[in-house]
Structures are given as structure tokens and as C-alpha cells.
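The sequence and structure come first.

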Amino acid sequence: MCNSHGTQLYLEVPSSCLPIVYSPVYNITFMGLEKLHPFDSGKWGKVIHFLKEEKLISDGSIVEAREAAEEDLLVVHTKRYLNRLKWSLVVASITEIPPLLFLPNFLVQRRVLRPLRTQTGGTIMAGKLAVDRGWAINVGGGFHHCSSDKGGGFCAYADITLAIKFLFERVEGISRATIIDLDAHQGNGHERDFLDDRRVFIMDVYNRYIYPGDGYAKRAIKRKVELDWGTEDDEYLGKVELHTEGALNEVRPDIIVYNAGTDILDGDPLGGLAISPQGIVKRDEIVFRAARRRGIPILMVTSGGYQKRTARIIADSIINLRRQGLIGGNEDGEVTVAGVGNGTGLVR
């Protein structure tokens with residue numbers, strides 16, 4: 001579109017890079033205050049460490065995320081909302097780290113919001129990479145409780161909405177998106193943002209009894225799968241497969257955004273479900289296989305996951321996708337899915 005602003009997030013990426021997006025800035029370290037939240041605020045770096053150990057990636061083979069600038073964020077967010085983030089009290093409430101309330105906002109910006117803005121930039125970058133290469137994984141992101149004018153549940157920026165709106169505005173041939181949200185919590189942020197947008201099909205599978213219980217946002221869900229406490233692998237994987245296939249048969253999108261939260265893991269203090277590590281790996285395989293079979297580009301974000309073993313499971317899942325040939329490489333390092341992703345995403 002002719003009114004699109006200039007952005008640093010859609011610059012060309014060398015074909016030798018894998019479409020895996022990450023920056024060391026993702027990790028939140030803040031004088032120990034991050035330990036007051038059940039979230040493992042260094043999990044993203046640990047995922048990368050495990051992938052390097054397994055020789056799947058090296059420093060030079062992945063894409064370094066760039067921080068989303070204010071102009072990028074304004075594609076979705078209101079100026080009023082972004083200004084509210086200049087108050088430490090607001091950020092303390094959104095991130096659920098109460099002591100942030102007592103810290104000067106410049107520190108909160110640098111140590112908390114900058115990492116989240118960089119993860120948000122990573123999701124936007126990965127959206128373009130997914131179209132070009134057939135798949136992309138942002139090792140962070142998935143802030144699915146944040147909408148254009150309201151944050152919450154550790155989500156300060158609406159990265160899923162932003163990635164989709166950037167694609168709609170800037171990439172030829174991308175006019176329909178499907179969000180497959182498999183985090184344990186309802187994704188009320190993107191649901192509120194796309195409530196009246198027929199271009200976006202939302203499938204959401206979540207524990208019906210936990211946060212956020214947003215009845216208004218539920219009206220945006222086209223395939224709603226509400227789970228009970230303690231749901232286990234067999235029932236869960238059956239429902240994921242049935243509804244993923246059903247959603248993609250009902251509407252064929254130009255891009256799938258897959259919110260792959262690992263807070264479904266048995267023992268998660270907030271998710272309330274009972275899925276095994278092997279179940280999570282299988283779940284991701286089901287979604288990627290459905291995308292591959294249809295030749296639809298897929299962007300994965302890692303979203304919620306509140307246990308120390310989460311990073312290992314995310315890494316194991318990415319390794320499994322590679323072993324299954326659902327993400328694969330050729331000699332020059334370019335990775336494609338099912339012949340999708342020949343660099344045909346034309347930027348407007």
C-alpha cells in the first residue's frame with residue numbers, strides 16, 4: 001500500500017540463513033526481579049543453546065531479530081496505549097511483576113519492554129520469512145493476550161496481529177490468514193483485534209476454566225475447542241488433529257500463524273492441562289504436517305510456557321520437525337516446506 005511506513009523489519013535476509021528468528025535481547029534479566037514471575041524469562045536463549053548443541057543451527061545461520069520501532073507498533077497499537085507503557089505501574093500490571101512499579105520507567109523500558117519489542121519485531125520479520133521460505137519460527141513472541149489498546153497476561157505488544165497486518169499491507173497475494181492458537185489460555189488479544197475481520201480465521205484450543213475467560217473475544221473464534229482440567233495426550237492430540245484439518249479444509253489461508261504455547265505441559269502452574277513432552281512434540285508435528293500437505297506457509301511463535309523444562313521441549317520439537325522433513329534444508333542452507341517458499345512474496 002502506498003501509505004505503508006518505512007520499516008527495518010522487512011529487509012532482505014540472505015538465503016544462507018535459516019528462517020529461525022532470535023536475538024539475545026529476548027531474555028529478561030533484571031536484578032533477580034524476573035524470578036518473581038513463574039515465567040522462565042531466559043527460556044528463549046536456552047532453546048537456541050540446545051539447538052546449537054544438536055548442530056541444527058549456528059550463530060551465523062539464524063536471523064537476528066530487530067526491535068519493532070514505534071512506527072511499526074502504530075500499525076496496530078493506539079498512541080494512547082503506547083504512551084501508557086511509559087508508566088511503570090501499567091507495565092507492572094501487564095507483566096504481573098509487581099515490584100516493577102517501584103522502578104524508574106527508563107529501566108523498565110530497557111530491561112523489560114525492549115526485549116518484548118525485539119520479540120515483537122522478530123514475529124513481524126518471521127511473517128515475511130514464512131511467505132518467502134514456506135516456514136519460519138520466532139523463538140519468542142506469541143503475546144496473544146495483547147490487543148491494539150490493552151495488554152495483559154505478560155503480553156505488552158500484539159505481535160500476532162502486527163505480523164498479519166504487515167503481511168496484508170505489504171505482501172502481494174496475502175489476503176487471508178488462519179491463526180491456530182494452541183497455548184493453554186484463550187488468545188483474547190488477537191481475537192479482539194480481528195473480531196470483525198473476515199480475512200482472519202481463528203481456531204483456539206484452551207482450558208475453559210482459566211485466564212482470561214474473555215466472552216466478548218470468544219465471538220471471534222471460528223473453531224473453539226474448550227478443554228477441561230487435566231486433559232491428557234490422547235484426547236488432546238485427537239482434537240488438535242481433527243480441528244486443524246477441519247479449519248484448513250474450511251478456509252484455505254495464504255498464511256498460518258501457529259501460536260505454539262508449551263503451558264499445556266503436565267504440571268504447569270497456570271495451564272491446568274496434563275500433556276506430556278512427547279505430546280507437545282507430536283502436536284507441533286501435526287500442525288506443520290497439515291500446513292505442508294497443503295503447501296501453506298506457516299509462522300510459529302513459542303508463546304506461554306512456565307516451567308524450566310519448557311526450553312528443552314521446544315528445542316526437541318524443532319529438531320523433530322527437521323527429522324520428519326517438515327522443515328528441511330538444501331545445500332545453500334535455504335529451507336523450504338513442501339516446495340512452498342521460492343522467494344515469491346512480492347513486497348509492496
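## Sheet

Strand β7, residues 255–259, pairs with β8 in the parallel sense over four bridges. Asn-259 has Val-301 of β8 as its bridge partner.

The model is predicted. In it, β7 and β8 belong to an open sheet of eight strands, ordered β2-β1-β3-β8-β7-β4-β5-β6, with parallel pairing. At the edges are β2 (63–64) and β6 (223–227), each of which pairs on one side only. Strands of a sheet pair through backbone hydrogen bonds, in either a parallel or an antiparallel arrangement.

## Nonpolar core

The largest nonpolar core holds 114 residues. Those touching the most other members are Leu-85, Leu-116, Ile-164, Leu-182, Tyr-236, Tyr-258 and Phe-288. Helix α5, residues 105–133, gives the most to this core, with eleven residues. In soluble globular proteins, nonpolar side chains tend to be buried together.

Leaving out residues up to four places away in sequence, Leu-182 touches Met-203, Val-205, Tyr-236, Val-240, Tyr-258, Asn-259, Gly-261, Ile-264, Arg-283 and Val-287. Among these contacts of Leu-182, Tyr-236 and Tyr-258 are also listed with the core residues that touch the most other members. Asn-259, another contact of Leu-182, is the residue bridged to Val-301 in β8.

## Backbone geometry in loops

Two residues other than glycine have positive phi values: Phe-154, at about 70 degrees, and Ser-303, near 55 degrees. Phe-154 is found in the loop between β3 (135–138) and α6 (159–170). Ser-303 lies in the loop between β8 (298–301) and α11 (310–323).

A cis peptide bond joins Tyr-211 and Pro-212, with omega about 5 degrees. Pro-212 is in the loop between β5 (200–207) and α8 (215–218).

## Confidence

The average pLDDT of the chain is 92, and 91% of the residues score at least 70. Over residues 330–348 the pLDDT is below 50. This stretch has 55 contacts in the model beyond near neighbours in sequence. Where pLDDT is low, the predicted coordinates should not be read in detail.

Technical notes. Residues are numbered from 1 along each chain as its sequence is written. This is a predicted model: local features need pLDDT of at least 70, side-chain atom pairs count only at pLDDT 80 or more; totals for chains, interfaces and linings use all residues. Side-chain values use heavy atoms; hydrogens and water are left out. pLDDT is the predictor's confidence in each residue, from 0 to 100. Contact means heavy atoms within 4.5 Å. Helices (H or I, at least four residues) and strands (E, at least two) are DSSP runs, numbered from the N terminus. Two strands pair if DSSP finds at least two bridges between them. A nonpolar core is a set of buried Ala, Val, Leu, Ile, Met, Phe, Trp, Tyr and Cys residues joined through side-chain atoms within 4.5 Å. Buried means under 20% relative accessible area, exposed over 50%, partly exposed in between (1.4 Å probe, protein chains only).
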